[in-house]
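Keep the viewer open and follow the stops below in order. Each one says what to select and what is found there.

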Amino acid sequence: MLRQVASTIAAIAPRQGLHEVTDPIAQWVCEQDIETGLLTIFCRHTSASLVIQENAASAARRDLETFMARIAPEDPSLYTHNDEGPDDMPAHIRSALTSTQLSVPVAQGRLALGTWQGIYLFEHRREPSRRELGLHLVGE
Amino acid sequence: MLRQVASTIAAIAPRQGLHEVTDPIAQWVCEQDIETGLLTIFCRHTSASLVIQENAASAARRDLETFMARIAPEDPSLYTHNDEGPDDMPAHIRSALTSTQLSVPVAQGRLALGTWQGIYLFEHRREPSRRELGLHLVGE
Amino acid sequence: MLRQVASTIAAIAPRQGLHEVTDPIAQWVCEQDIETGLLTIFCRHTSASLVIQENAASAARRDLETFMARIAPEDPSLYTHNDEGPDDMPAHIRSALTSTQLSVPVAQGRLALGTWQGIYLFEHRREPSRRELGLHLVGE
């Protein structure tokens with residue numbers, strides 16, 4: 001019979017940019033003893049986001065960070081909203097361009113990610129703070 | 001025991017840009033008497049989209065609109081598809097860059113959004129029309 | 001009573017760009033005999049993604065491809081990660097800007113897409129390969 005489990009986990013990125021959170025999420029899923037189902041991860045912030053990216057080459061992650069810095073630069077002349085500094089508004093834009101929420105199938109009790117996929121918290125602020133991720137798992 | 005509820009709600013943005021829809025969605029969730037679960041919102045259009053953004057400073061929302069106008073401008077020389085006017089193709093691009101669908105955990109009978117998060121219908125056309133959002137809630 | 005079904009389907013795009021996958025997904029949903037529910041599609045790759053786009057005018061899809069080529073060009077001078085050629089890093093960026101996962105409500109036994117919505121596999125590599133999409137359907 002289908003059941004659900006809900007929780008939250010916290011994460012702090014060591015610096016601005018992509019910070020992998022696959023392991024703590026995968027471990028939580030394993031502990032729920034659900035063979036087949038769907039995991040949803042929800043980022044409760046508007047200046048940090050989620051993205052599934054290549055988990056092998058760190059150069060790929062640096063390039064994605066550079067891309068975001070190019071497309072939504074920390075240049076106060078571009079924005080009217082700078083309450084919390086030059087990284088404030090770019091953080092909101094970079095969040096909107098990536099994901100606030102991701103759902104990942106669970107198969108054989110594990111996250112059914114592709115071989116090269118990792119789940120990343122994308123911290124967009126220069127001074128990373130504690131971020132809360134909501135988790136919801138439905139399955140059996 | 002897990003159950004689901006499905007519905008649709010309609011929204012019309014007063015103008016092109018971000019239009020908050022948190023309240024009608026939150027109210028619908030409250031009415032379903034589901035304590036813990038997952039709400040999915042689906043935008044049934046390709047020229048309007050969904051985004052979770054900062055709900056306090058309206059300047060942040062204006063800056064996001066300005067960003068989209070910069071990155072995907074209403075400039076017919078950039079596009080071959082202009083059937084419905086200069087805002088036609090930018091609307092499809094801006095939709096692709098944000099979200100057609102969002103899932104949000106429900107905890108204690110309410111949307112488990114972060115403090116500064118609001119759910120927005122992002123209307124990309126200059127003449128807003130009636131937009132339909134599908135809602136699906138699973139939980140117990 | 002709620003139940004779930006999970007599966008995977010494979011797709012190969014004929015060329016780089018948007019390749020519609022609505023039909024095989026819609027057919028799979030029909031076969032599951034679920035009247036009301038939620039379908040989740042998950043792309044198990046970081047150089048191909050999912051997007052819901054306008055299904056009528058092919059010019060709209062070409063314009064979206066052109067936009068991505070403009071914003072994340074295949075220009076090795078912009079990236080440090082070029083292991084698999086000039087289309088390697090742009091593929092990861094374009095994936096991050098669109099969706100790895102989409103959830104679509106099911107109503108009356110069918111995908112509740114809007115009239116003009118199609119589901120597309122967005123192949124970002126110049127030599128398309130076999131892509132695997134995870135499917136998860138919950139409903140009754």
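A nonpolar core is a set of buried Ala, Val, Leu, Ile, Met, Phe, Trp, Tyr and Cys residues joined through side-chain atoms within 4.5 Å. Buried means under 20% relative accessible area, exposed over 50%, and partly exposed in between, with a 1.4 Å probe and protein chains only.

This is a predicted model, in which local features need pLDDT of at least 70 and side-chain atom pairs count only at pLDDT 80 or more, while totals for chains, interfaces and linings use all residues. Residues are numbered from 1 along each chain as its sequence is written, chains are lettered from A and ligands numbered from 1 in the order in which they are written, and side-chain values use heavy atoms, leaving out hydrogens and water.

**The core.** Select A:Ile71, A:Leu97, B:Ile71, B:Leu97, C:Ile71 and C:Leu97: of the 46 residues in the largest nonpolar core, these touch the most other members. Leaving aside neighbours within four places in sequence, B:Leu97 is in contact with B:Met68 and B:Ile71 in its own chain, with A:Ala96 and A:Leu97, and with C:Phe67, C:Met68 and C:Leu97.

**Chain A.** Along its principal axes the C-alpha trace of chain A spans about 55 × 30 × 20 Å. Buried residues make up 64% of its 140 residues.

Go to A:Asp33, in the loop between α1 (22-31) and β3 (37-43) of chain A. Its phi is near 55°, a positive value in a residue other than glycine. A:Asp33 is exposed, with a relative accessible area of 65%.

**Cysteines.** Finish with A:Cys43, which is buried at a relative accessible area of 0%, and B:Cys30, which is partly exposed at 46%. With a disulfide taken as a pair of cysteine sulfur atoms within 2.5 Å, the count over all chains is zero.

Note on methods
Contact means heavy atoms within 4.5 Å. Helices (H or I, at least four residues) and strands (E, at least two) are DSSP runs, numbered from the N terminus.
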